[in-house]
Amino acid sequence: MKKPEDQLLVIFGASGDLTSRKLVPALYSLFKRNVTPEKFVVLGVSRSELSDDQFRRKLGAGVQDSLGKGINEEQMINSFLERFYYLPLDMANPQEYYRLVERIDVLTTGLSPVKNILFYLSTPPVLFGPIARNIGSCGLQKETEGFRRIIVEKPFGYDLESSRQLRKELHASFEEKQIYRIDHYLGKETVQNLLVMRFGNGIFEPLWNRNYIDHVEITSAESLGVEGRGGYYDGSGALRDMVQNHLLQMVGLTAMEPPSSMEADSLRNEVFKVFQSLRPIREEDVSKQVIRGQYVASHIRGELVPGYREESGVQPESRTETFAAIKFYIDNWRWGGVPFYIRTGKRLPTRVTEVVIHFKPTPHNLFRKEETCMTGNQLIIRIQPDEGILLKFGLKEPGSGFQVKTVNMDFHYSDLRDVHVPPAYERLIHDAMTGDSTLYSRADAVEESWKFVAPILKAWEREPGQKIYGYPAGTWGPQQAESLIENSSGWRYPCKNLADDGEYCEL
Ligand SMILES: NC(=O)c1ccc[n+]([C@@H]2O[C@H](COP(=O)([O-])OP(=O)(O)OC[C@H]3O[C@@H](n4cnc5c(N)ncnc54)[C@H](OP(=O)(O)O)[C@@H]3O)[C@@H](O)[C@H]2O)c1
């Protein structure tokens, strides 16, 4: 990683959860590895009345939490926090921005002035547009001497219309090349490794098409529920929270054509083309191609786990989906006729994200009479938690006859003991500091992905005939999701159901 140019980082929403849990620990890790700018100043902005010292103490506690107990790096943490400052401000109020301009002026001028500014929007999404507009009204976005960049947290809109509105609001002040829309999945090492695996090796790419691939499966499972964020989640749901962004980004990287170079736009053009080729799901087909579910109470290892509707902040009759599974096609030459299956859910048996490439079986099964490897070959790209790559194939069992057994050839990132695998935020913030937007989402791709989910949202809003299935917390979602996969192999289950009871039902 190279050292970025000197710069000021302005974090809006600096007293919030994301700042202390993810952003500042990521910055600290970069600092420890000496890949923060030589002159690096951070200004935190939010409403809470905090002094610079109180702000530093709050962030210091967050950094310590991220390191875990027993690790004492007090001196290093203090030296890191010396470059942090704080400004209380109501960001919704344009009248107050003159104080921001003044503070930035003080922090960036001096003997060796800092000319570059990176803004980070880590606030409630309703403020993204107003903050961008207010920055623009003060002229802070103008690149007269140094660069001006803005990182925007998800969600990028609530539906197609609001995503277009957000794009307009951001573009009113910033050019697209200044905007970095963060999707932390793209910062994960194994997600990027999809590109290296596909385009850096001669052996996979020739097989990566409809001739050899039977179907593609992408799962992103969480074992946790809504964890106190019921109020937010109830207005969002799995489709908006996971599918429109993270899962479709993984589809993009799995299905894209080779880019002409690793330049940001070259790569992002190819992802965009995949999204343009997604076959729209017609509203009348939603019930056939999309299964939604909501977890209900169950006992997991003897402990009662509440249902989604019992979570705080959730409406008692909520029909928000905590699980979604979708079958769809990509209409292009590479993928014509190959089904893609994606699923995501909360309160599933484990936390796992993986892409599974299911290869077609051999044209003629020579070993039919024996116990054969019926599942076909699978290539599993494990994004989290234990990042790695696994190839499943059949081998002969030692002894007489030709009994075939499925064996694994695997690689785990954790085996690379001497290599630091940077967490997603670390990689992405460093990229924005150095001006590399390759792993950030572009406005046109964001809109295309909203276009894909729009008919599903519409069908669910209109409701008649649109079912939502209850699944016991700790299971792999509604049983109806099983029938989405025509192929006998079904979904891959990295582990078994955990629930001791609970009812599969229609809600
Ligand atoms: N937390 C996560 O793990 C996570 C993950 C992915 C994406 N995100 C996204 O990141 C963003 C921030 O999330 P979060 O969890 O950190 O939220 P949060 O804990 O609620 O923090 C929100 C921040 O915005 C500030 N704020 C709100 N209204 C303000 C106003 N009018 N003027 C000034 N400051 C204002 C708050 O300041 P005061 O409290 O001082 O008023 C606080 O610092 C959201 O867009 C979220 O969707 C979060």
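User: First up, is the crossing of α7 and α9 left-handed or right-handed?
Analyst: The α7/α9 crossing is left-handed, the near helix being turned anticlockwise from the far one by less than a right angle. Keep in mind this is a predicted model, where local features need pLDDT of at least 70, side-chain atom pairs count only at pLDDT 80 or more, and totals for chains, interfaces and linings use all residues. Residues are numbered from 1 along each chain as its sequence is written.
User: Which residues of α7 and α9 make the contact?
Analyst: V191, L194 and L195 come from α7, and M250, L253 and T254 from α9. Contact here means C-beta atoms, placed from the backbone, within 7 Å.
User: And at what angle do the axes of α7 and α9 cross?
Analyst: Roughly 20 degrees, with the axes of α7 (residues 189-199) and α9 (residues 238-255) coming within 9 Å. α7 and α9 are therefore roughly parallel, a label for angles under 35 degrees. Axes are lines fitted to C-alpha atoms over the stretch in contact, with angles from 0 to 180 degrees between N-to-C directions. Helices are DSSP runs (H or I, at least four residues), and strands are too (E, at least two), numbered from the N terminus.
User: Switching topic: what domains does the assignment give?
Analyst: Domain 1 (7-153) and domain 2 (186-506), with bounds from an automatic or database domain assignment. Their centres, taken over C-alpha atoms, are 34 Å apart.
User: How many residues does the contact take from each domain?
Analyst: 13 from domain 1 and eight from domain 2. On the domain 1 side, α1 gives the most, with six residues.

Definitions and conventions
Parallel < 35°, antiparallel > 145°, perpendicular 65-115°, else oblique. Contact = placed C-beta atoms within 7 Å.
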